[in-house]
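Thank you for making time for this one; I would like to go through the overall form and then turn to a few residues. Please keep the sequence and the picture in view while I talk.

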Amino acid sequence: MLNKIRSLLRSEDGAVTIDWVVLTALIVGFGGAVIVAVEGGSGSVGTGTANAITSIDPDAGF
């Protein structure tokens with residue numbers, strides 16, 4: 001039984017899976033950081049665009 005536990009602890013079969021999980025978590029974390037960083041600067045642009053669109057009268061014609 002002790003030999004099976006030692007063999008399991010020395011096995012590297014799951015190491016690649018752990019690497020991919022860590023890399024994926026880092027990518028998701030960096031993506032979230034980019035969204036937070038860009039959100040502050042683009043908020044006023046979005047508000048200005050929304051105000052411009054709502055001020056257009058569709059019945060005014062060309």
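When I say helix here, I mean a DSSP run of H or I that is at least four residues long, with numbering from the N terminus. What you are looking at is a predicted model, and by that definition the protein has two helices and zero strands. Its radius of gyration is 26 Å, well over the 11 Å that the globule rule gives for 62 residues, so the protein is more spread out than a compact globule. Taken along the principal axes, the C-alpha atoms fill a box of roughly 85 × 20 × 15 Å.

How many of the 62 residues, as a percentage, count as buried? The figure is 0%, and the accessible surface comes to about 5,800 Å², with 69% of that belonging to carbon and sulfur atoms.

Let me move on to helix α2, which covers residues 15–54 and contains Trp20. Trp20 counts as exposed because its relative accessibility is 55%, where the cut-off for exposed is over 50%. Trp20 also belongs to a nonpolar surface patch, together with Val16, Ile18, Val22, Leu23, Leu26 and Phe30, and the accessible area of these residues together is about 750 Å².

Thr47 lies in helix α2 as well, but with a relative accessibility of 45% Thr47 counts as partly exposed. From Thr47 to Ala33 the separation is 14 residues in sequence and, C-alpha to C-alpha, 22 Å in space.

Note on methods. Residues are numbered from 1 along each chain as its sequence is written. This is a predicted model: local features need pLDDT of at least 70, side-chain atom pairs count only at pLDDT 80 or more; totals for chains, interfaces and linings use all residues. Side-chain values use heavy atoms; hydrogens and water are left out. Patches are made of residues with over 30% relative accessible area and no salt bridge: like charges are joined within 9 Å, nonpolar side chains (Val, Leu, Ile, Met, Phe, Trp, Tyr) within 5 Å. Accessible areas come from the Shrake-Rupley method with a 1.4 Å probe; for residues, only the protein chains shown count as cover. A salt bridge is a side-chain nitrogen of Lys or Arg within 4 Å of a carboxyl oxygen of Asp or Glu. Buried means under 20% relative accessible area, exposed over 50%, partly exposed in between (1.4 Å probe, protein chains only). The radius of gyration is taken over C-alpha atoms; the globule rule is 2.2 Å times the number of residues to the power 0.38.
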